[in-house]
Amino acid sequence: MKTFIGRTLAALLALGSVSTALAEQFDDGLAPSYYDTFKGKKVVFLPLAMSFDLPQVWAKAMETQGKRLGYDFSVRDPNWSSDAGAQALTTLITEKPDLLVVHNPDMQVYARLLQRAQKEGIPVIQINLKSVATTDAYVGVNWYEVGLHQAKMAVDACSPAAGKSGKIAIMQGTPTNPNNAITMTAIEDTLAQHPDIKVVSSQSADWDATKAHAVASTVIKQNPDLCAYVGLWEVMDAGVAAAIREAGKTGAIQLITNGGGQKPACDNIENGTFNGYVSYDAIGQARDLTDAIAQVLQVKAKPGSQPYGIYTPIKDISRETMRANSCWTMEDVAAAPF
């Protein structure tokens with residue numbers, strides 16, 4: 001018995017020494033410099049706002065990566081105010097963090113400030129909404145591709161050749177937002193090839209579900225044979241869904257939207273609220289973002305000198321194509337290995 005205990009104790013002590021040895025980074029010719037790159041660095045995230053799921057997912061990914069790699073991560077939340085965001089960005093340029101991650105509210109509003117940040121030696125990654133300024137990296141969806149997919153869904157659902165009215169309506173967000181401007185270009189380009197599809201309304205609701213509800217209610221009353229509504233963001237389009245439901249038109253009017261793929265989207269597909277959905281999977285996008293942070297900080301190139309993009313793969317989801325893993329929850333985000 002003593003011999004067994006002694007052998008066991010010796011094995012545990014040996015295992016302890018192995019664990020201690022593993023704490024010292026093994027030099028494979030790259031790993032030590034990789035981890036040293038991030039220690040003490042400051043990464044700052046400037047979102048549109050932290051009040052909805054997408055920035056929360058990206059922030060959680062960066063926070064997790066920062067703890068793992070040793071960089072300091074912080075958020076400056078302008079809470080939907082472009083003026084507050086521009087002021088925060090101006091302040092950050094003077095503070096000189098090691099990297100800025102920016103979620104643009106508009107194609108123009110931050111453009112000069114982003115260029116100025118790079119001239120001041122601060123690398124910049126833009127996430128999901130790109131300004132006209134090209135920075136060190138863009139990580140996000142190709143909104144033109146999203147628009148093509150949504151327009152094709154509408155054409156397929158509403159073609160007079162299939163016995164439908166050919167009438168569709170569009171719910172825009174804010175026209176100068178990258179999502180809105182680029183997605184609308186793709187929709188218009190697609191519909192130009194289908195003259196049998198008529199757009200009876202194309203109005204803006206500023207990403208607000210209440211405004212979208214008011215607009216859609218009027219459009220539906222004016223167009224009793226409306227076939228589909230194409231919306232540009234699932235949160236806003238909850239208002240459109242409510243208007244369709246109140247008119248007793250669920251299923252008769254197709255609702256086609258897009259978003260980051262959180263579980264409520266799949267619930268809405270399952271219950272018939274959404275008929276077509278283009279997902280850009282925010283968890284996968286967050287992983288792309290943390291990979292971009294690792295690359296930009298390692299390369300140490302002159303800011304703006306080697307721009308690149310990581311465009312998010314998209315997937316079309318309908319009741320027929322939906323699977324158990326088509327959407328995610330915040331619990332999935334918390335468990336993800338960023």
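**Exercise 1. Determine which residues of helix α5 are buried, and on which side of the helix they lie.**

Step 1. Take α5 as residues 111-119. Helices here are DSSP runs (H or I, at least four residues), strands likewise (E, at least two), numbered from the N terminus. The model is predicted: local features need pLDDT of at least 70, side-chain atom pairs count only at pLDDT 80 or more, and totals for chains, interfaces and linings use all residues. Residues are numbered from 1 along each chain as its sequence is written, and side-chain values use heavy atoms, with hydrogens and water left out.

Step 2. Apply the cut-offs: buried is under 20% relative accessible area, exposed over 50%, partly exposed in between (1.4 Å probe, protein chains only). Ala111, Leu113, Leu114, Ala117 and Gln118 are the buried residues of α5.

Step 3. Find the side. These residues span an arc of only 170° around the axis, so they sit on the same side of α5. The arc is taken from the directions from the helix axis to the C-beta atoms. An α-helix has 3.6 residues a turn, so residues three or four places apart point the same way.

Step 4. Check the other side. Arg112 and Lys119 are exposed there.

Step 5. Find the cover. It includes α4 (82-95), β3 (99-102) and β4 (124-127). Contact means heavy atoms within 4.5 Å.

**Exercise 2. Describe how α2 and α11 pack.**

Step 1. α2 (residues 31-38) and α11 (residues 282-299) pack at about 100°, with axes 10 Å apart. Axes are lines fitted to C-alpha atoms, for helices over the stretch in contact; angles run from 0 to 180 degrees between N-to-C directions.

Step 2. Classify. The two helices are therefore roughly perpendicular (65 to 115 degrees; under 35 is roughly parallel, over 145 roughly antiparallel, the rest oblique).

Step 3. List the partners. Tyr34, Thr37 and Phe38 of α2 meet Ile293, Ala294, Leu297 and Gln298 of α11.
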